[in-house]
Structures are given as C-alpha cells and as structure tokens.
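Subject: Structure for you, with notes

Hello,

Please find the structure below. Have it open while you read the notes under it.

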Amino acid sequence: MVPEQDVLTVSSIWSQLAQRAKQEKSLHLADMFASDKDRFDRFSLESAGLLADFSKQRLTDDSRDLLVKLADERQLKHWMDALFSGAEVNCTERRSAKHWFLREPADTAPAVHEQLQLMEGMVNRILRGHWRGVLGDAITDVVNIGVGGSDLGPLMAAFALQSRFPEEGLTRPRIHFASSMDGSQMSQLLQELNPRTTLFLVSSKSFTTLDTLHNAGTARQWLARGLRLDYDDTSLLRCHFIGISASPERMSEWGIMPNNQLLFWDWVGGRYSLWSVIGMPIALTVGMDGFREFLAGAHEMDEHCRTSPWKENIPVMLALVDVWNINFLDISARAVLPYDGRLKHLPAYLEQLEMESNGKSVSRSGEPVEYNTCPVIWGEVGPNAQHAFFQLLHQGTQPIACEFLMTARRYTEAVHSGSVRELDAQHALSNANCLAQSRLLALGERALDPELALPYYKRYRGNQPSTTLVLDELSPRVLGALLAMYEHKVFVQAVIWGINPFDQWGVEMGKIIATDMLEVLRHPESGANLDSSSLALARHVSGKQQ
C-alpha cells in the first residue's frame, strides 16, 4: 500500500486546484489582459540570458499560488537538495543523476575536467589541422556515430551554434551525424566523404548499442577498403576513430586505441550526456572556449534553479504550468515552436528529454498513477509550422499548449555571406510572426478588433495557452542555460507526479524483442510462437528478400 501522503490526488491542494480549474474554465485570456494591465509583469521571469513569459497561460494569481503550494507539499526542496547532493534519485537503477555535476567548476569536479582536458587536446589538434589521417592528410570531415542522447543533443546544439566560429586561426571541419540503424545515413554520407580525410566519433555509453556498432563497423570497412588497409590495421584505428563511452574495456575490445578514448560515467544518463565528452561535436563547432561557455551557461541556470524561490524560478514555473495544463485543464499536448531556424532540431531533442523521462505510468513506489503525466510533444520551426499544423492550433477541436522561442539579437556575429542589414530584416520578420501567432492564439479574433464579426469558418476562438521564451542571443552560454532549464523543468514535474525521470524501461523491452525478431527474419520457421500479424509480416519481408 502506498503511504497516503504519496498519493497525489488525495492532497487537499490538488482538490483546491481542481476546484479552481472549474471556476476559471470560463475565463478567456482576452478578458484577463483587458482587466489586468500589469499581467505581463507578474507572470514573466528573467535569468541567465532568458526571459520566460507565462502571461499567455490560462493562469491566475490564485491558481499559480496553489501550484507553488503543491510544490512545497510534494517536498520539492527535499528532492532538489537530493539531486544536487548526488543522492540516489534514480530509484530503479540505484543511481544518482549527476548530469549537473558535468557543469561544475574544475576545483569541484576534477575528474570531469580531466576528461575535458583530454577532449581539448583532440579538438585543438583537429581544428589546427594537426590530426592527420593514415596517409598524412588533415581531417576535413568528422562523423558522429551515435543514437538517442549520443546523437540528438550534440546534433541539436552543434547545428544551433554553427554560426559561431572557433577562435581565429582554427578551422572547423564539416560535422556530420549518423544514427539510423538501417544504414541509410551512413550510405549517403560515405558516398560524399573522402576516407583519407574523415574521422569518426563512436559515441555510446555502454559501447554495446547495436545501431551504433553496426554503423561504426560499416565505417571501418569503408575506410579499410578506401585506404587499402586491413580491417584490424592499428594505424587505421589510431588515425580515424575516437571512442566516447563509459566502458573503456568495450572500446578497447572493438579496437579503439587507449589514447583515442574519452570517458564519462554511469551516473550520466544518455539524454543528459551532451555536457560530457559526448558533446565533442559541439566543441568542434565552437572551439573549447565556446564549449566551456556552454557549460558555464548551464551552471548559471543550475544555481538559479537551486536557489531561487519557486515563484521566481523559471524551471519550476515552467513545470508547474505544464502540471496545470495537463492535470487540471486537460491539455495533453504541447507544440514547441522555435522562430529561429538554428533551433530546428530543438523539438526532437525535447521529445526525447521529456517523453523518455516522464512518459511513465508507475510511481516511485511502484504503483500505477491515477493521472496524466508527460504531454505529447512535437514541433517545427515556426514559419514552417504556420504553413503546416497551425490551422489545427487556431481552429481545431482540441486545446493544445504552445511554446514559442525567439532570439532578441540575431546577427551580432560576423556574417561572411552577405549584408547584415537584409538578414536583420528577416530576423525582425520572424520575430513579428512569433509575436503575432502567440497573440492570435491567446486573444482570438479580438486580437484584430473586439467588435469584429466574422463568418463562422473564419473565426478564431483564441484562449489557447502559450509560453514565450526569449533568448538574449543564441550564444553558447545562453543555449547552455536554456537546455539546463528544460532538464530541471523535467525533474520538477517528476517530483510533482511522483515518478522517476531517470530510467527508461519502456525502451529496453523493445530492444530485446528486436533481437528475437532478427532471428525470425533470418529463419521464419523459428517464429511459430509469434502472433499471426508479426509472423506474417516477417515471412512477407523474408520472402521479398530472396
């Protein structure tokens, strides 16, 4: 039996919130703004180069205050202290979750900075043209082979920061990513690359991930064939492969040279690993100085999260707003809408971070939960989304929360390809669209004219809640703060819902069954115990391959 205090829905504050939601159901955001000229001032927060505007959420002072009380009742301070002290907050795997420790200063985390120093040596050799292929050519292309957290985070951040250049005198290689298990990405890449000048990063926490190892094996065969070397040639492995893992033994077994190994720890979850040496593609994009700025921005957000009162705490308020929408307003989906093309991969990154973390239906006590937890998350760069699914947001049949992201300053860095003035004009146009869409979603047709009478097919009901996040600029420091903010938000939500955000058992069984299905595809007669659909599909595919 779960102790009564662990059952969220028996909380008196939970009941008050449910009652408050009923009372506020008829309120419209247009009326809230019309009656409260100071609403933005009370429902926005700023820290670490970020401004978070919650004023377009369907939230009143009373409901916000009750949500803060709920955080206290759920012992958020206790759990926050446990996280930042390295306590065993990952209960099913008996581990701490110390991804925040990767952002700590050198005197606090010497082992972390030892690995960063090793990575810096490799990064600088590549950026200075000193890392040479087996035939003496400088490296021009680096391919990151990974999947999940070893791919999504580095890909997202490296793409976001590609307009930032390493310090003068360093030359950035072209950086590519391969994660698909079907080999399609590798096949396309290997047609375009030169084996003499290509370096592969093999990134896997366990160094047993089949997707990653198959792609790495394909790369190794391609190099051996192109360079006319044996598959096991040590010079090929020394000059063209770097391994990044928590398992040095398995890296060595595969053939990664000891001097080409970068390490992190089992307390670093895959989706939280871009702060570690897994972030090498980010460092290759902006240089090690830029990567340290990235870590510093995240550390600044760590300090904001652990020390700020809940009402003034951006990650906490983001989490509480989601709880309000999901559990009391019955809004079970959130669209992530960056109005800066450099953040195009952020929605996919957040899909993993949030849904793999909090897509749980069992409490820490091992009992089924009686309420919804994680929202369904999807998104797209805003201007594209406007011409795709915004029709559903504005005139569809279900409420959907939105999260808009925009950058205040865009082209402050050197632009090598043309006039800054024209690019600044495009940036202003993008921001205007961002502000217009959030306004229309909130206010409906009253955003145009309170007295406007439109035919029914043109009507915009509005009252769709949204949060707007404004980045001072998309620098390594501010991006680091933004991503740490999302991490802490996920943790706060998990505390409220009483679930463990640091395991992912729902992923593991699929891997086991996939291994069994591989045998069935090779030998369909071995699948006699399968369901009729899976067996028929396996036989159909196997027959087409013959």
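This is a predicted model: local features need pLDDT of at least 70, side-chain atom pairs count only at pLDDT 80 or more; totals for chains, interfaces and linings use all residues.

Residues are numbered from 1 along each chain as its sequence is written, and side-chain values use heavy atoms, with hydrogens and water left out.

The largest pocket has a volume of about 1300 Å³. Its lining has 45 residues, and the closest to the pocket centre are Val147, Thr209, Val507, Glu508 and Lys511. Two or more lining residues come from each of α9 (210-227), α14 (346-358) and α19. Helix α19 gives the most, with 10 residues. Sorted by class, the lining of this pocket has 16 nonpolar, 20 polar and 9 charged residues.

Some terms are needed here. On a 1 Å grid over the protein atoms alone, a pocket is an open set of points with protein on both sides within 12 Å along at least five of seven lines, a cavity is a set of points where a 1.4 Å probe fits but cannot get out, and lining residues have an atom within 4 Å of a point. Grid points are joined across faces, edges and corners, and a volume is the space filled by probe spheres set on the points. Helices (H or I, at least four residues) and strands (E, at least two) are DSSP runs, numbered from the N terminus. Ala, Val, Leu, Ile, Met, Phe, Trp, Tyr, Cys and Pro count as nonpolar, Asp, Glu, Lys and Arg as charged, and the others, Gly among them, as polar.

The cavities

How many cavities of 30 Å³ or more does the structure hold? There are 4. The largest cavity holds about 60 Å³ of space. Among the residues that line the largest cavity are Gln57, Leu318, Asp322, Arg334, Glu403 and Lys489. Both α13 (314-328) and β10 (401-409) give two or more residues to this lining, and the largest share, 4 residues, comes from α13. The lining of the largest cavity divides into 4 nonpolar, 3 polar and 4 charged residues.

The second largest cavity has a volume of about 50 Å³. Its lining includes Trp79, Arg364, Phe491, Asn500 and Phe502. Helix α18 (residues 476-497) gives the most to that lining, with 3 residues. By class, the second largest cavity is lined by 8 nonpolar, 1 polar and 1 charged residues.

The salt bridges

The structure holds 32 salt bridges (a side-chain nitrogen of Lys or Arg within 4 Å of a carboxyl oxygen of Asp or Glu). For that, buried means under 20% relative accessible area, exposed over 50%, and partly exposed in between (1.4 Å probe, protein chains only).

Arg20 and Asp62 meet through their side chains at 3.6 Å, N to O. This pair links distant parts of the chain, with Arg20 in helix α1 (residues 12-24) and Asp62 in helix α4 (residues 61-73), 42 residues apart. Arg20 is partly exposed because its relative accessibility is 22%, and Asp62 is partly exposed at 41%.

Arg174 and Asp141 form a salt bridge at 2.9 Å, N to O. Arg174 is in strand β4 (residues 174-178) and Asp141 in strand β3 (residues 141-145), so the pair ties together parts 33 residues apart in sequence. Is Asp141 buried or exposed? At 3% relative accessibility, Asp141 counts as buried, whereas Arg174 is exposed at 51%.

Arg477 forms a salt bridge with Glu293, with the closest N and O atoms 3.1 Å apart. Arg477 lies in helix α18 and Glu293 in helix α12 (residues 280-307), 184 residues apart. Arg477 is partly exposed at 32%, and Glu293 is partly exposed at 35%.

There is also a network of salt bridges that links Asp36, Arg42, Asp61, Arg64, Asp65 and Lys311.

Other residues

Ile512 lies in helix α19 (residues 505-522) and is partly exposed, because its relative accessibility is 48%. Gly543, in helix α20 (residues 532-545), is partly exposed at 43%. Gly543 and Pro524 are 19 residues apart in sequence and 9.5 Å apart in space, C-alpha to C-alpha.

Regards
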